[in-house]
Amino acid sequence: MQKDFKQMWGDCLTVIRDIVPQPAFEAWFEPIIPLSYDESKFTIQVPSQFFYEYLEEKYVNVLKMTLNRVFGEGTTLKYRVMVSGQTIVRNGHTVTYPGEAPQRIPAHTPNTVDVTRTPGPIKVASQDLDSQLNPRYNFDNFFESESNKLVRAVSEKIATNPGKTAFNPLFIYGPSGVGKTHICHASGLKIRELHPEKRVLYVSANLFRVQYTDAVRNNVTNDFVSFYQSIDVLIIDDIHEFIGMTKTQEIFFQIFKNLHNFRKQIIFTCDRAPVDLQGMEERLISRLKCGMTAAIERPDLELRKKILRNKINREGLEISEDVFDFIAESVSENVRDLEGILVSLVAKSVITNKEIDISLARQVISQAIRLEKKQLTIKKIQEIVCRYFNLDEALIQTKSRKREIVQARQITMFLAKKYTDSSFAHIGKVVGGKDHATVLHACKTVRDQIDISRTFRSTMDAIEGCLKQ
C-alpha cells in the first residue's frame with residue numbers, strides 16, 4: 001500500500017533525527033506540520049517567520065537531501081508561515097502577546113502565508129503589530145545636552161539602519177527619570193517611520209517576565225518564543241527587573257541569541273551599568289555589553305532649563321525669571337522631578353491663591369525633594385512586611401519555623417537585598433541573626449515563587465507598593 005505524505009514526512013523525520021542533535025531536532029523539526037503533497041510540491045507549516053529563516057539558514061541542505069531521498073528527486077518545498085500578530089490557539093490554550101490583534105483563530109485554521117523556498121528571507125506585513133510606542137516621546141522633544149548627547153547620536157544612527165551598525169545591542173543606563181524610556185520610544189518611532197516593514201516592539205522587562213510565566217503555566221512557551229523571535233527591533237525597558245529571575249533570564253538569553261545572530265536590533269535600558277548587574281547570569285551580561293553601552297547622566301543645568309522652558313511654554317504659564325532659575329538650579333536629580341515640581345507649584349498657587357514667587361517655590365521644592373530622598377532601611381522593610389502580614393515584628397527575630405513567619409522573614413531578606421546596599425551577611429545579622437547562606441537561600445526561594453505563582457507575585461507587588469509610598 002502506498003504511503004501518504006504524512007507517513008513519508010515521518011520517514012523524513014527518522015532520517016533527520018540521525019543527522020542533527022536531539023535538542024535541535026526537538027526545537028526545529030518536531031514543530032513542523034506537513035500540510036500537503038501535490039505534483040512534487042511538498043508544503044509544510046512552520047510557527048513563525050523566524051522559524052522559517054532559521055531553517056533556511058541552518059538546515060536547508062538537510063531538508064533538501066532528505067526530501068529527495070524520501071519523496072524523490074525534484075521535490076519542491078513550500079512553507080506556510082504563521083503570521084505573527086495574531087492570537088494563536090495551541091493545546092487548548094489561547095496566548096496573546098503585545099501588539100497582537102484581539103482575534104481568536106480556530107485551531108487547525110491558522111492565519112498563514114505561503115512561501116516557496118527561496119534563498120532570501122520572507123517578508124511578513126507588520127501593520128497588525130502594535131509596537132506599544134508612545135508618540136509623545138519622539139526625537140523632536142528629546143532635548144540634548146552633554147549629559148545625553150552620545151545616546152541621542154547613537155540612537156539616531158541606529159534608526160537609519162537598525163541591526164546593521166556596530167551599536168547592536170544598545171545598552172542605555174542611568175538613574176531613574178533621566179530620559180531612558182523617552183529615547184527608546186523615539187528610536188522605535190523613527191525606525192517605524194524610516195522602515196515601515198520592520199516589526200518593532202517596546203516592552204518592559206516586568207511585562208516580559210509576566211508573559212513568560214503565563215506561557216509556561218499554559219504550556220505555550222514555543223508560541224511565546226516564536227512571537228519574540230519574529231520581532232525585527234526589540235526594545236526592553238528596565239532590564240534590571242530580570243535580576244534574580246533565573247528562568248526568565250534563560251528564555252531571554254535564547255531569544256536574544258537568535259535575534260542577534262540574525263542581526264535584529266536590540267535596545268535595552270537599565271538603572272545601572274552591565275558590570276553592576278549582580279544576580280544576572282554572566283553569559284547574559286556578556287551578551288548585554290557586546291555592542292554599545294552608553295550612559296545618560298543626570299540632567300545638567302543647560303538641559304534642565306531647556307526642559308523647564310518647554311514645559312512652561314507648552315502649558316501657557318507665566319513664571320518670573322528668578323523663580324525659573326531657582327527651580328532649574330534646585331531640582332537636579334531627574335526630569336520627572338523637574339516637571340512634577342512645576343505642576344505642584346502651579347497647583348499650590350491656584351489652591352492657596354498665592355503668587356508664584358521664590359518663597360512658594362522653596363516651600364514646594366523642599367517638601368518634594370525631602371519626600372523623594374527618603375531612604376529605605378532593613379528595619380523599615382521589616383516593619384512594612386510584618387504590617388502587611390499582620391505579624392508582630394519580634395516574631396521575625398525568633399527561630400520559629402511556622403510557615404507564615406518563615407515566609408515573612410524570607411521576603412524581608414529578599415527586599416532588603418533589593419532595596420538596600422547591605423551585604424548578605426549584614427542582612428542576616430539584622431533579620432533574625434542568620435548567616436549569609438540563609439539569606440541567599442531566602443532570596444532564591446522568593447525569586448522562584450515570583451516566577452511560578454501569580455498569587456505570590458501579586459503579594460510581592462503589593463508589599464513593594466507599600467515600600468514606595
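Analyst: In this predicted model, one aromatic cluster is formed by Phe171, Tyr173, Phe208, Tyr212, Phe224, Phe227, Tyr228, Phe242, Phe252, Phe256 and Phe268.

User: How many aromatic pairs does the count come to?

Analyst: The count comes to 20 aromatic pairs, with ring centres within 6.5 Å as the rule. For Phe29 and Tyr59 the centres are 5.2 Å apart and the planes lie at 65°, so this pair is edge-to-face. Phe29 sits in the loop between H2 and S1, and Tyr59 in the loop between H3 and H4, so the pair ties together parts 30 residues apart in sequence.

User: Are Phe29 and Tyr59 buried or exposed?

Analyst: Phe29 counts as buried at 0% relative accessibility, and Tyr59 is buried at 13%. In another pair, Phe208 and Phe242, the ring centres are 5.6 Å apart with planes at 55°, so the pair is tilted. Phe208 lies in H7 and Phe242 in the loop between S9 and H9, so parts 34 residues apart in sequence are tied together. Both Phe208 and Phe242 are buried.

User: How is the packing of H17 and H20 to be read?

Analyst: Two packed helices are described by the angle between their axes and the distance between those axes. H17 (residues 403-419) and H20 (residues 454-467) pack at about 55°, with axes 12 Å apart. That angle makes H17 oblique to H20. The crossing is right-handed. Residues in this contact include Ile411 and Phe414 of H17, and Met460 and Ile463 of H20. By class, the contact has 8 nonpolar, 1 polar and 2 charged residues.

User: Which hand does the crossing of H19 and H20 have?

Analyst: The crossing of H19 and H20 is left-handed. Their axes come within 6 Å and cross at roughly 115°. The contact of H19 with H20 has 5 nonpolar, 1 polar and 3 charged residues.

Technical notes. Residues are numbered from 1 along each chain as its sequence is written. This is a predicted model: local features need pLDDT of at least 70, side-chain atom pairs count only at pLDDT 80 or more; totals for chains, interfaces and linings use all residues. Side-chain values use heavy atoms; hydrogens and water are left out. Axes are lines fitted to C-alpha atoms, for helices over the stretch in contact, and angles run from 0 to 180 degrees between N-to-C directions. Helices (H or I, at least four residues) and strands (E, at least two) are DSSP runs, numbered from the N terminus. Angles under 35 degrees count as roughly parallel, over 145 as roughly antiparallel, 65 to 115 as roughly perpendicular and the rest as oblique. A crossing is left-handed if the near helix is turned anticlockwise from the far one by less than a right angle, and right-handed if clockwise. Contact means heavy atoms within 4.5 Å. Ala, Val, Leu, Ile, Met, Phe, Trp, Tyr, Cys and Pro count as nonpolar, Asp, Glu, Lys and Arg as charged, and the others, Gly among them, as polar. Rings of Phe, Tyr and Trp (its six-membered ring) pair if their centres lie within 6.5 Å; planes under 30 degrees apart count as stacked, over 60 as edge-to-face and the rest as tilted. Buried means under 20% relative accessible area, exposed over 50%, partly exposed in between (1.4 Å probe, protein chains only).
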